[in-house]
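Look at the fold before you read on. We will go from its inside to one helix, then to its charged pairs.

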Amino acid sequence: MLTRPSHDVVVIGAGVVGAACAYYAAEAGLSVAMVDRGPVAGGTTGAGEGNLLLSDKEPGPELDLALLSARLWTELAQQLPAAVEYEPKGGLVVASDPERHSALRAFAAGQAAAGVKAEEVPGERLHELEPHLAPGMAGGFLYPQDAQVQPALAAAHLLRAARLAGAELYLGEAVTGLPTGPDGAVTGVRTQRRELAAGAVVNAAGTWGGELAAMAGVSLPVLPRRGFVLVTEPLPRVVRHKVYAADYVADVASGSAALQTSAVVEGTPSGPVLIGASRERVGFDRTLSTEVLQRLAAQAAGLFPVLAGVRVLRAYRGFRPYLPDHLPAIGADPRVPGLYHACGHEGAGIGLAPATGLLIARQLTGERPELDLAPFRPDRFPA
């Protein structure tokens, strides 16, 4: 167990990943403080769609993490208020031609060996699942384990549960330094208003995770990857699942800095349809791109022609925390005692948050983690 100067652990970042770290650490009996320079879910989490996906992940460490998280989300859905809008709607990945359908089949076979449930759907049966889907699709795969939450509310209620377990919350306080002891170990967090002594510090700062790591004198190459989401007017449930074209899987795995768009379409319990997803590395440029919005709208209407006449009420953008190998940094940093990382999840942070939080809590308490953390080592990148 950690020593306890004033807190066992300070978590930096009040997005859903940081909230999960605080929640599981507090549930484990640790004294927790949470610090963020802005509000709860003020960064990537507040600009997310709430995807909890297995369908887009190939076998390997990220899929293992996603499978653990999927189980944890089902548990959390029983513990958190219904306001988090947990919806196990399932995902439907569709292929426009036989070649893409064949590629999906091979992809799904690999996932099945890792424990993912996937059901092949021939083209003529797609309309049983999605009556408004465009005709002529070659086929697809149904992923019943895919789900969705309202991300900002999920983060808020995880933090509320953490506070009920004793965690303290300090919002609107930018971190200005990470004090260290004579042995170089991090001893807490310094903000604009206070210093919080702690046995451990968790970097859950999202797209600013690299800057936070630099305060401790180490490199973590987190980069922002911008994405846009369209929100339609409230509609009857014209989209029943989370639906996307096969090309989306390749876009998720790509490391290209160039603009990529591939429609992901889903209904919500409150009525609006959410349309994503785009990816491009443009730094923290928040300029509204009409090109991206037009491409997303056209691709969504290509999947669901009924959306062609629907009004888009708003669009928002956010920045995904990208690491070069597409895996997050999770766990203790061997370069700086007392420093832990929980960032770099790119567009999967909402889905992977519970597993990340639980694994961090396991390390903090000296218990054996459910997964091997070696693939997520923060020091795996060349300096």
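The paragraphs below take these topics in turn.

This is a predicted model, where local features need pLDDT of at least 70, side-chain atom pairs count only at pLDDT 80 or more, and totals for chains, interfaces and linings use all residues. Residues are numbered from 1 along each chain as its sequence is written, and side-chain values use heavy atoms, leaving out hydrogens and water.

Start with the largest nonpolar core, which has 72 residues. A nonpolar core is a set of buried Ala, Val, Leu, Ile, Met, Phe, Trp, Tyr and Cys residues joined through side-chain atoms within 4.5 Å. Buried means under 20% relative accessible area, exposed over 50%, partly exposed in between (1.4 Å probe, protein chains only). Leu 158 is among the residues that touch the most other members. A second, separate core has 27 residues, including Leu 293.

Leu 293 is also one of the buried residues of helix 8. Helices (H or I, at least four residues) and strands (E, at least two) are DSSP runs, numbered from the N terminus. Seen down the axis of helix 8, the buried residues fall within an arc of 95° (taken from the directions from the axis to the C-beta atoms), so they line one face. The face turned away carries the exposed Thr 290, Gln 294 and Ala 298.

Now the charges. The whole structure has 23 salt bridges (a side-chain nitrogen of Lys or Arg within 4 Å of a carboxyl oxygen of Asp or Glu). Arg 225 pairs with Glu 346 in one, with the closest N and O atoms 2.4 Å apart. Arg 225 lies in strand 12 and Glu 346 in a loop, so the pair ties together parts 121 residues apart in sequence. Both residues, Arg 225 and Glu 346, are buried.
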